Amino acid sequence: MSDLTIPFLFQKSVALSSYRDRQFRGNEVEQDKKLLQSTTLYVGNLSFFTTEEQIHELFSRAGDVKRIIMGLDKTTKTPCGFCFVEYYTRNDAEQAMRYINQTRLDDRIIRTDWDAGFIDGRQFGRGRSGGQVRDEYRKDYDPGRGGFGKRFNPALEMEKGGLVV
Amino acid sequence: MATKGGRNRNGGGGGNHSDDEEDDFHNKSQQRPRSTSRHHHHHHRSDRRHVQQQNQGPQQPHHQQQQQQQQQHSSYDPNKRRKFGGGGLEDDELTEDKLQMALFALGQKSDSTLEQNLRDLCTTLCNDLTKHKKVILHILNQCIQLIPERLTIYSTLIGLLNASVITFGSDFLDTCISSLKEALVLYKYEIIQRYIRFLSDLSNVKLLSTSSILTLYETLIETTTETNVPQVRTDFFVYCVLISLPYSGKILSEKHNTELNRLLYTIDKYIYKRSKIHVPILQVWTSIEPHPQEEYLDCLWAQIKRLNQDEWAESQIFRPYYTYADTLFSDISASIVHDLPTITIPLHKDTIIYPLPKIVFRMFDYTDVPEQYVLPGAHAIERYLVEDEISNIIHTYHNERKDCAIQLTQIRPKAKIPLNYMIIEVIFGHLFMLPRPPHVELFYGSLLLELCKLQPSTLPPVLVQAVEMLFERLNTMKTSCIERFVTWFSYHLSNFQFTWGWQDWIDCLDENPESPKIKFIRETFQRCMRLSFHQRVIDFVPEQFYKLVPNKPSPVFKFEETETPIFGSEYAQLLNKKIKERSAAEDILRILNTVPNPTKDDTAVVTPSASTINPSTTELTYNMVQIDLFVSSLLWIGSKSFTHSFAALAKYHQLFKILIESEEQQIQVLKSMYEIWPNHQQMMVVLVDKLVKTQIVECSAVANWIFSSELGSELTNFYVWEILSSTIEKMNRQVEKHHNELLDLRSQLNISTTIQSIPSSAIPIDITPASEPVVTSTEEKVSDENKMDESETPVNEEEKPKPNNLKRRRESDDDEEDNNEEQESAEKLQTMQITQPPMDEATAKLHEKYEIVEERLAHAREQQKKLYLIVFQRFIMTLSDFLNECESKNVDPVSTPWLKWIIERLQEIFLLYHEQVFQYVSTFESLIFTSDIDFCILEVFQQFCALRA
């Protein structure tokens with residue numbers, strides 16, 4: 001079938017989100033332009049135990065994957081719950097945005113977003129403890145992401161009586 | 001107005017997506033001519049493009065237009081949304097946006113407000129009509145082309161307008177007819193169908209005369225009298241009439257009963273005499289039990305005949321026009337009834353590709369649904385109408401899975417129709433559709449997830465019931481469909497914590513291990529493991545099923561694992577050490593050179609089409625032991641992950657280029673890989689992909705390896721075919737890439753050759769099916785990075801560099817590809833941007849480039865043809881061997897699962913790549929599918945040929 005689509009419809013899932021990488025080198029117009037032509041996705045909320053193989057299995061269902069870059073904890077060099085998936089074509093990347101975003105991998109609802117393209121160094125977590133910033137002070141216990149937030153002290157909270165696990 | 005492209009504005013639909021207002025704000029600079037570059041070919045608003053298309057005629061493939069469009073609007077991006085009403089837009093545009101939103105949204109929510117909405121919209125449009133006539137007519141036409149599921153709502157609106165404004169009807173018809181005529185010339189089948197059905201419905205709102213609808217049908221049906229045209233052509237035009245009759249049958253029978261009956265009689269005669277050879281290859285099941293997989297025209301004709309017997313009374317079509325009887329049908333109505341102008345059907349040409357025939361997928365009947373429901377019978381028109389509405393919604397909303405699910409659940413079927421059963425049936429029908437599903441398989445999986453989320457208590461039970469029924473019918477299900485079933489099911493399970501009542505399938509465990517049910521479970525576990533991990537599968541699988549759980553996907557290093565060291569172990573150890581130390585390629589080569597050359601008898605690898613080694617380079621040829629040692633060690637050291645393996649391949653890419661030359665050597669690489677990774681199917685899939693992309697291994701070597709004796713026992717496993725398909729697809733993409741380049745240059749030459757015109761003989765008319773207007777699948781899009789043609793890397797042709805002056809020219813294959821790409825696009829840019837030098841010089845350069853690309857294309861097509869020849873030849877050899885063996889053992893081959901798995905893979909290759917295979921069909925017919933091969937093989941070929949007959 002030919003690809004007849006209502007124009008106002010086809011953009012919702014592939015539109016840019018409000019997130020912008022603050023360490024992007026360039027102004028916001030350039031950044032947006034890059035994002036709009038990108039074939040690379042940021043994938044978030046992964047379990048620390050999810051492997052490149054699993055990510056490949058899921059994301060190759062949207063199209064031919066060029067490469068996967070696992071996000072690593074900058075001190076331990078172990079996966080810290082995110083990755084970049086690069087496709088050969090924009091169309092395949094859009095399919096992933098449409099059909100994989102907010103579905104499950106390794107029993108977790110994962111999130112995909114456009115990325116301006118991988119540059120070396122971005123595979124490392126930017127939190128002070130080495131992982132992702134979002135895992136620094138996280139208050140819930142998430143066994144897939146190393147338990148409590150690294151800089152969050154459950155024992156201390158417990159004493160205060162403020163924590164319900 | 002025409003080039004302002006306002007339809008993308010406020011892309012969120014109703015402005016409900018405010019999350020990117022920020023970036024909207026930053027993109028004022030982009031407010032300039034833009035049109036949706038990906039979908040522009042359906043929106044003929046740009047006058048320039050319009051002219052372009054007319055010039056190009058039906059031969060013009062749309063991707064070329066896309067390329068041009070992208071060049072012209074290189075900074076444009078279709079995904080950029082702008083804030084509605086912001087940024088100093090003119091009033092005109094604002095109105096256009098509002099109108100578009102209102103018209104597209106009309107009837108989107110099925111509620112009681114529709115009646116008032118229609119009246120209000122009619123009033124608004126009447127007021128604006130003089131000022132914005134062109135825009136209004138344009139948007140209305142878009143609605144007809146894009147939203148077929150709401151066609152009666154639009155025909156009502158148009159009927160109301162016709163009753164209110166005296167000139168509207170004829171103006172509207174003019175636009176409609178010119179769009180229809182254009183669609184006919186360009187063979188845009190979907191649009192043609194939608195217009196014919198819509199025009200039919202206009203007779204219900206007194207805009208079109210019933211006699212002219214009848215004349216239109218007669219014109220279409222007249223194609224049945226054409227001689228020497230393919231059946232698929234006539235089928236299409238007859239189908240257009242059949243899908244329209246539920247809308248117009250009633251009114252036609254009231255006014256022109258005799259003529260209508262004459263028309264039906266002609267159709268009946270045509271349906272009766274049609275050939276049905278193509279049916280078996282398209283059917284999802286080889287058995288007609290419990291439901292016949294009917295041919296689509298046969299089924300629809302049976303439904304129409306039944307409808308005719310019922311005097312055209314049906315209760316499914318929503319016909320809002322009856323609500324406005326006062327306005328539309330009373331004697332004082334101002335409606336002018338129009339006649340259609342004469343519409344001519346373009347004559348047949350051999351280059352035109354018509355839609356393939358289809359079969360009707362049915363998996364439920366009335367006994368499968370709960371008692372309070374009544375599922376319309378197979379030949380009830382209601383069954384067709386609901387299915388059609390579901391299909392249309394899926395198609396319209398396929399880019400937004402959540403909206404799609406919402407729209408599906410909003411369908412209001414008449415009286416007791418079990419909507420969820422029908423939705424599930426249609427979705428599986430699309431997923432299993434042969435040759436290919438209409439959309440990417442993943443979409444259907446994600447849509448089913450959304451439907452489960454929307455109706456958590458009502459939909460999952462139906463889906464479970466459907467899976468059980470599909471499982472029970474696996475024995476006769478086509479292999480391609482079983483594979484899609486496995487792929488979807490594993491994905492679905494992984495979204496529901498792999499919860500499934502496996503115990504219910506315990507009975508089948510005693511079956512033949514190659515039987516479809518066992519294979520299905522085994523392959524499902526395999527895919528579940530790929531989505532999770534080995535222990536996870538062990539955890540969710542009941543103990544009785546353990547024997548079907550795949551092995552742990554660990555590598556096997558034969559030089560280490562055997563108790564008594566095998567020949568080469570000491571070299572392997574040394575190589576491992578060196579590779580771990582990231583030694584230079586020279587060092588590795590030095591070690592390999594010390595490996596004693598075993599006698600030829602020890603290593604003779606017989607492959608039927610092993611290429612002959614150039615005698616002059618014989619002394620430089622590396623033997624199989626050396627290659628095996630290198631490849632095994634390298635993959636073993638890189639076995640930690642995909643990334644590690646890829647890095648290892650990239651680091652020693654140059655060494656591969658020195659070691660590997662002949663096909664025999666290439667096959668050895670694959671064999672060594674298989675020996676390391678027999679337990680990790682996914683690893684093999686990605687490694688072969690990488691080896692082909694980096695040109696270490698050619699496509700034909702992969703094909704020969706797959707059919708080699710070493711892989712004989714694996715041939716019924718799905719991953720083998722995953723590898724073959726992906727290899728064939730890379731070959732196809734390569735051809736298509738060159739083809740597109742050529743088309744690109746061709747159009748540039750056309751533009752720049754106002755003085756000099758290139759000889760028409762230089763332009764191949766029938767290059768690939770992509771030159772036909774109907775091939776518009778998104779899968780056809782080319783990946784520029786996928787280079788695997790030797791012509792791109794002259795390294796192959798060069799004399800082998802001596803080990804000591806060996807330089808690492810490539811850090812990684814991807815870099816290499818990128819560099820190539822950049823270089824090439826820079827070249828391209830240069831050739832395009834030349835405006836200063838005299839025209840002849842620029843043109844000469846283009847001509848030069850044209851010739852180079854033409855040569856590359858010819859070479860790639862030669863390779864492609866060779867690949868298909870190898871694949872088909874090896875299929876025939878493998879199948880014939882098996883049949884002979886059966887005969888000698890006195891076994892009925894049809895009773896073996898093996899024959900099913902392999903012969904249906906042959907069918908699959910034909911179907912999946914029908915566009916490519918059809919180009920070489922005469923070669924295949926004269927060279928390999930000859931009368932001396934077994935009929936069960938030849939039959940597949942004949943059914944395939946019938947697809948375009």
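I began with the secondary structure of chain A and counted four helices and six strands. The model is predicted, and I keep that in mind for every entry below.

I then read the order of these elements along chain A: α-β-α-β-β-α-β-β-β-α.

Next I looked up burial. Chain A has 165 residues, and 64% of them count as buried.

**Helix H18 of chain B**

I turned to H18(B), which runs over residues 441-454 and has 14 residues. From first C-alpha to last I get 21 Å, close to the 20 Å expected at 1.5 Å a residue.

Is H18(B) mostly covered or mostly uncovered? I find it mostly covered, with eleven of the 14 residues buried. The buried residues run from Leu442(B) through Phe443(B), Tyr444(B), Gly445(B), Ser446(B), Leu447(B), Leu448(B), Leu449(B), Glu450(B) and Leu451(B) to Cys452(B). I note that Glu450(B) is among them.

What covers the buried residues of H18(B)? From chain B I list helix H15 (381-396), helix H16 (401-409), helix H17 (419-431), helix H19 (459-472) and helix H20 (479-494). The cover also includes helix H3 (90-99) of chain A.

**Domains 1 and 2 of chain B**

I took the domain bounds of chain B from the assignment: domain 1 (95-277 + 293-332), domain 2 (374-548), domain 3 (555-597 + 620-683) and domain 4 (698-753 + 844-948). I followed up the pair of domain 1 and domain 2.

Their C-alpha centres lie 34 Å apart. The contact takes 25 residues from domain 1 of chain B and 22 residues from domain 2 of chain B.

The size of an interface is often given as the accessible area lost when the parts come together, so I looked that up as well. Domain 1 and domain 2 of chain B bury about 2000 Å² between them, and 47% of this is on carbon and sulfur atoms. On the domain 1 side, I find that Glu149(B), Gln303(B) and Gln316(B) lose the most area to domain 2, together 35% of what that side buries.

How many salt bridges does the rule find across the interface of domain 1 and domain 2 of chain B? I find one.

Technical notes
Residues numbered from 1 in each chain as written. Chains lettered and ligands numbered in written order. Predicted model: local features only at pLDDT ≥ 70, side-chain atom pairs only at ≥ 80, totals over all residues. Heavy atoms only, no water. Helix = DSSP H or I, 4+ residues; strand = E, 2+ residues; numbered from the N terminus. Buried < 20%, exposed > 50% of the residue type's maximum accessible area, 1.4 Å probe, protein only. Expected span 1.5 Å × (residues − 1). Contact = heavy atoms within 4.5 Å. Domains from an automatic or database assignment. Buried area = accessible area lost by both parts, 1.4 Å probe. Salt bridge = Lys/Arg side-chain N within 4 Å of Asp/Glu carboxyl O.
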